[in-house]
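Please look at the sequence and the structure before reading on.

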Amino acid sequence: MADARKILFTGAAGGIGTMIRPLLAKLYPGLVLSDRVEPKDLLPTETFVAADLTKPDEVAAAVKGVDSVIHLGGFSVEGPWDTILQSNIIGCYNMFEAARAAGVKRLIFASSNHAIGFYPRKRRIGPNVTVRPDSRYGVSKAFGEALGALYSDKHGMAVTCLRIGNVGPRPLDVRRLSIWISPEDIVQLIRIGLEHPDIRFEILYGASDNATSWWDNSRATELGYRPTGKSEDHRAHAEAEQAKIGPDPVGDLFQGGTFCSAEFTNDVKRAGP
Ligand code: 15L
């Protein structure tokens, strides 16, 4: 039976949005897409509402009548402070607040591995470690997770934060062998966030079944996550791509990679937990 809930999907025209839209459309016909610009090739079952996350009235209009939100909107890499502030701090707050006011019951927040990027690659971590952002972007993702906890505890919104590694058809390099997630697997996690009856506030790692993973994703397994992607199937490609990239004495030590080495002025022995 078709899912009758009204679901808003922000960031629909972005990189991940473009990859997963066709998969989500099959599961949730009637999906409402949002972004600043309309994605090309809108399906007959999809509708679009333009919204700039920095404008509370536009966000409120997009979220009107909606039961659940998949919030992928925002700036997706490191950027100048004002860009991060507007898109990912103010924009994220506007989304949670509009969702609360509209009575939204569930929200999936696209967090990132960069909220914990300064953990060493040698260390395996679960979802409950202290955040160690590797960038202003990573700080904004930690902020979004904190907002998720607040709106869950104070207002009863069922919030799932996905600490996404890197989404794509295959891992791009050796670092991504540890953090890669296939489009199908991220849709599986989104589905858990939208449907699982036990969700209150969750942080789950957005990773496929990667043999070299740095993350304990057992909570996702408990909630029914059964990833089908295996990064090892793509090792030859990832290693060939890695050979084209020079060594990064800082980034190669930490989970966040180049996000850690960018603007780095510390002694590497004093960085990370
Ligand atoms: C992210 O959070 C970014 O959105 C994406 O563009 C990649 O840089 C990814 O992390 C990554 O760490 O590979």
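Two strands pair if DSSP finds at least two bridges between them, and both helices (H or I, at least four residues) and strands (E, at least two) are DSSP runs numbered from the N terminus. This is a predicted model, in which local features need pLDDT of at least 70, side-chain atom pairs count only at pLDDT 80 or more, and totals for chains, interfaces and linings use all residues. Residues are numbered from 1 along each chain as its sequence is written, and side-chain values use heavy atoms, with hydrogens and water left out.

Strand β1 (residues 7–10) pairs in the parallel sense with strand β2 (residues 32–35) over 3 bridges, and here Leu8 stands opposite Val32 in β2. With strand β4 (residues 68–71), β1 pairs in the parallel sense over 4 bridges, and Phe9 stands opposite Ile70. Both faces of β1 are covered, since Ile7 and Phe9 on one side and Leu8 and Thr10 on the other are all buried; buried means under 20% relative accessible area, exposed over 50%, and partly exposed in between (1.4 Å probe, protein chains only).

## The surroundings of the ligand

Among the residues that surround the ligand are Ser76, Asn113, His114, Tyr137, Arg176 and Phe259, where a residue counts if one of its heavy atoms lies within 4 Å. A polar side-chain atom of His114 lies 2.7 Å from an oxygen atom of the ligand, and for an N or O atom in the side chain of Arg176 the distance to a ligand oxygen atom is also 2.7 Å. The protein covers 82% of the 320 Å² of accessible area that the ligand has on its own, with areas taken from the Shrake-Rupley method with a 1.4 Å probe.

## Aromatic pairs

The structure holds 6 aromatic pairs. Rings of Phe, Tyr and Trp (its six-membered ring) pair if their centres lie within 6.5 Å, and planes under 30 degrees apart count as stacked, over 60 as edge-to-face and the rest as tilted. Phe118 and Phe254 form an edge-to-face pair, 5.1 Å centre to centre with 70° between the planes, and this pair links parts of the chain that are 136 residues apart.

How are the rings of Tyr137 and Phe259 arranged? Their centres are 5.9 Å apart and their planes stand at 45°, so the pair is tilted. Tyr137 lies in helix α4 and Phe259 in helix α9, 122 residues apart, and both residues are buried.

How values were computed:
Polar contact = N/O pair within 3.5 Å; in protein donor to acceptor, adjacent residues only side chain to side chain.
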